[in-house]
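Let's take a walk through this structure together. Have a look at it first, and then we'll go through it piece by piece.

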Amino acid sequence: MKKLLDRLGLAFVVLVLVSPAASVFLWMLSLSLKTETDNLAYPPVFIPSSVTLANFRAVFEQTPFLSYLLNSIVVSGLATLIALAVGVPAAYGIARLKARKLLLVILIARMTPAISFLIPLFTLFQALGLTGTLTPIVITHMVITLPIIVYIVSGYFETLPGELEEAALMDGCSTWQRFRHVAMPLARPGITVAAILAFIFSWNNFVFGAVLAGRATRTLPVAIYNVLTFEQIAWGPLAAAALLVTAPVLLLTLVIQKEIVGGLTAGGVKGG
Amino acid sequence: MLHAKRSALYWFIVPALIAITAIIAFPWAFTLWMSLFDWKIGSASTFTGLGNYVALLTDRRFIEAIGHTLFFTLLAVIGPLLLGTVAALVFNQKFPLRGFVRGLFTLPMMATPVAIALVWTMMFHPQQGVLNYLLSLVGIAPSEWVYSPRLAIPCLVMVDIWQWTPLVMLIVLGGLASMPADPFEAAYMEGASRWQTFRYITLPMILPFVMIAAVVRLIDALKTFDTIYVITQGGPGTASETINLYLYLQAFSFYQVGKASAVVVVFFVIVVALSLMLFWMRERSKWND
């Protein structure tokens, strides 16, 4: 009897804990699927009389959503790929040289507000005539992706056993071969998690694009804020656009939550 | 031979060092330099020494922004810390679908902040918002939410707590997972109550992890931008204008690059000072044990 009460109590507490998270996302979904009449009704409509996809259609027809989507994919994709190319070898070097002090730079960068990187870089990009292209946005997004990758991947390399690499050393492999053919394949799970987290936090970033993007180079978070303001567009399409932006991230989180949890607790890292 | 291998490893770090110098170290140095100039983008810059800093000290709006930031941060650290620790203790229990439920719980911190902030803005709406309806269900008068100067910051904190409690939960859960089983078995044998077990075994052991979460949370709370910018733009008036929003305004609305750089330096000093204070508290808490 006591056991049953314990279990019921636990179930209740779990329900209380997850309901705020779940209900905000459900409300977002509900706003995006309802007609404008239902969305503006008071008391609010929880169970809609009819479900409509018109809001999603409006997002694609009334805004260049696909080109913003492409911008976001290019920016976050390139920022993550370049950071991987530069950061994974560095992470290996740091781990094998036991040069953890170098990570201090990354920790201090973590403490600096994103806007403070923007002022000098904005001035620099203006002087170089790069504003209005995607290049400055990709470069600034590396402020987010590079630290995440170096931090998580170097931690992962440190946990790898050294025996295999020593064997490779005996066989006369160069340092690069040892890294490329022995250490890197072993570290693939760590590299994957780091890459996914870097991509997500770059995808979510708002402030770099808000300052640097022109009309044609907006990333999705900037676009939903700038284009779909409350004056111009109704709640339904706004919720639909917000959902479209964040849904890929949410699905990815649910699918690989176990791996992501490991990566996040390793560093408590977050960009921007 | 082995020495040659070591020097080869340095070359692995060089490209990343160049990148970090360009996008992280250069901005730091340039900001420090610019903070000494009276410089508006588009016009000539003149050297003012510490003029920008002196001007900030007498800028009432800036001093108020510091106050708003500290108030926001205090609430946005304590809230997630308490709730996140409780959540970690709960998610450390075994129950069906635990992985899925935990994933669901972590969604707010992974979601795109701007998208979430837009949804909260709609929920806060005084006339059509769902929150006032929920209040009316339990017989509470409708609130102005973020449209009230007095409530703007607490409402923004609510969004921040919603978003970042999962991160605290994950860090503390990591701590719980690494705890040895022996002390718990001993406590069980000795017939310790649940509260005693928690107070004298669990709590001291997870405290270091709670402190790590506190530092991470402190840094993030001080830096909060997206949510505040989207939901209130620092308003009504300047009621929720934090240092970060003031900084954005100076830099990218007024283009006062020199003054904004000085704000960055002051802001950075505040972040470091408060972080060191937490570290110091952490050391103190160890000595007391």
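This is a predicted model: local features need pLDDT of at least 70, side-chain atom pairs count only at pLDDT 80 or more; totals for chains, interfaces and linings use all residues.

Residues are numbered from 1 along each chain as its sequence is written, chains are lettered from A and ligands numbered from 1 in the order in which they are written, and side-chain values use heavy atoms, with hydrogens and water left out.

So, how do the chains touch? Chain A brings 91 residues to the contact and chain B brings 91 residues, with contact meaning heavy atoms within 4.5 Å. Across the interface of chain A and chain B there's one salt bridge, that is, a side-chain nitrogen of Lys or Arg within 4 Å of a carboxyl oxygen of Asp or Glu. A:Asp6 and B:Arg194 make a salt bridge, with their closest N and O atoms 2.8 Å apart.

Now look inside chain B. B:Arg217 pairs up with B:Asp160 in a salt bridge (3.1 Å, N to O). B:Arg217 sits in helix H9 (residues 194-223) of chain B and B:Asp160 in helix H7 (residues 152-177) of chain B, so the pair ties together parts 57 residues apart in sequence. Helices here are DSSP runs (H or I, at least four residues; strands are E, at least two), numbered from the N terminus. B:Arg217 is buried, at 1% relative accessible area, and B:Asp160 is buried at 1% too; buried means under 20%, exposed over 50%, and partly exposed in between (1.4 Å probe, protein chains only).
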